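Please open the model in a viewer and keep the sequence at hand.

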Amino acid sequence: MSDGIQKIKTETNLDSLRGIEGECASVYFRVFDEMILNQKDSFDFHGRNKRPPLDKVNAMLSFGYSILANDCAGALEGVGLDSYVGFMHRDRPGRRSLALDLMEELRPVLVDRFILTLINNRQIQEDHFRESESGAVTFTDEGKKKFLTAWQGHKREQMTHPYLKEKVYWGLVPYIQALLLARYLRGDVDGYPPFMWK
């Protein structure tokens, strides 16, 4: 991933940038399973799959990313930006490309860490999922309720924003980043400060 970070500093071709991002994502998800410390038998993870998700971890990732995409779209539109006009994610009918761009920097800290916490603290368990005949794995109604209740609680937790250096709620992070992006696009700040959480 360090190699990928160095490459993007000088890369100007959009397709090449997408390729580097894809390589980094592949490396990231290859080691994701190592962060699952409890319930390993129930929540084994062997890489990202979607449409449909074929295991419990991927079902949670897909559901969480979908929620985050909606939050990012709402945040962008709330600051006057069109969530359908993106940079890295190119325009496609019906796709909120800019929301997908914005959520890239937020997925690991907002969704992935949250899901790992749910699994490792045994807040979500094997019986909160079902598998269809096609192999698709989805939440049960109770599982979805537990996930959403925990998600709303997580959004109310506070943290210190790395750029603003102020205490904010996790749930406001998409809005803050959308606002910073809007300010950059309008020339109010010299550069867009990505959300870098350690």
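Begin with the aromatic side chains: a search of the whole structure finds 15 aromatic pairs. Rings of Phe, Tyr and Trp (its six-membered ring) are paired if their centres lie within 6.5 Å; planes under 30 degrees apart count as stacked, over 60 as edge-to-face and the rest as tilted. Select phenylalanine 63 and phenylalanine 147: their ring centres are 5.2 Å apart and their planes stand at 70 degrees, so this pair is edge-to-face. The pair links distant parts of the chain, 84 residues apart, with phenylalanine 63 in helix H3 (residues 56-78) and phenylalanine 147 in helix H6 (residues 141-155). Helices (H or I, at least four residues) and strands (E, at least two) are DSSP runs, numbered from the N terminus.

The model is predicted: local features need pLDDT of at least 70, side-chain atom pairs count only at pLDDT 80 or more, and totals for chains, interfaces and linings use all residues. Residues are numbered from 1 along each chain as its sequence is written, and side-chain values use heavy atoms, with hydrogens and water left out.

Is phenylalanine 147 buried or exposed? Its relative accessibility is 0%, so phenylalanine 147 counts as buried. Here buried means under 20% relative accessible area, exposed over 50%, and partly exposed in between (1.4 Å probe, protein chains only).

Next, select tryptophan 170 and phenylalanine 195. Their ring centres are 5.9 Å apart and their planes are at 65 degrees, so this pair is edge-to-face. It also links distant parts of the chain, 25 residues apart: tryptophan 170 is in the loop between strand E4 (167-169) and helix H7 (173-185), and phenylalanine 195 is in the segment after H7. Tryptophan 170 is buried, at a relative accessible area of 5%, and phenylalanine 195 is buried at 3%.

Then display Phe43, Phe63, Phe114, Phe129, Phe139, Phe147 and Trp151 together; they form one aromatic cluster.

The nonpolar core may be shown next. A nonpolar core is a set of buried Ala, Val, Leu, Ile, Met, Phe, Trp, Tyr and Cys residues joined through side-chain atoms within 4.5 Å. Which residues touch the most other members of the largest nonpolar core? Among its 49 residues, they are Met60 and Phe147. The elements that give two or more residues to this core are helix H2 (14-30), H3, H4, H5, strand E2 (137-139), H6 and H7. H3 gives the most, with 12 residues. Select methionine 60: leaving aside neighbours within four places in sequence, methionine 60 is in contact (heavy atoms within 4.5 Å) with Phe43, Ile115, Ile119, Ile124, Phe129, Phe139 and Phe147.

Move on to helix H7. In H7, Val173, Pro174, Ile176, Gln177, Ala178, Leu180, Leu181 and Ala182 are buried. What covers these buried residues includes H3, helix H4 (97-104), helix H5 (107-120), strand E3 (158-160) and E4. Glycine 187, with a positive phi near 85 degrees, follows H7.

Arginine 107 is the next selection, and its place is in helix H5. At 18% relative accessibility, arginine 107 counts as buried. Arginine 107 lies over the face of tyrosine 65, at 4.6 Å from the ring centre; for such a placement, NZ of Lys or CZ of Arg is within 6 Å of the ring centre and within 35 degrees of the ring normal. A polar contact of 3.2 Å joins the side chains of arginine 107 and glutamate 104. Such a contact is a pair of N or O atoms within 3.5 Å; within protein, one must be able to donate a hydrogen and the other to accept it, and residues adjacent in sequence count only if both atoms are side-chain atoms.

In the loop between H3 and H4, compare two residues. Glycine 80 is found there and, at 56% relative accessibility, counts as exposed. Serine 83 is in that loop as well, yet counts as buried at 0%.

Finish with the backbone. Most residues other than glycine have a negative phi, and most peptide bonds are trans. In the loop between H2 and H3, select arginine 51: its phi is positive, about 50 degrees, although it is not a glycine. The peptide bond from arginine 51 to proline 52 is cis, with omega near 0 degrees. Lysine 165, in the loop between E3 and E4, has a positive phi near 60 degrees and counts as exposed at 62% relative accessibility.
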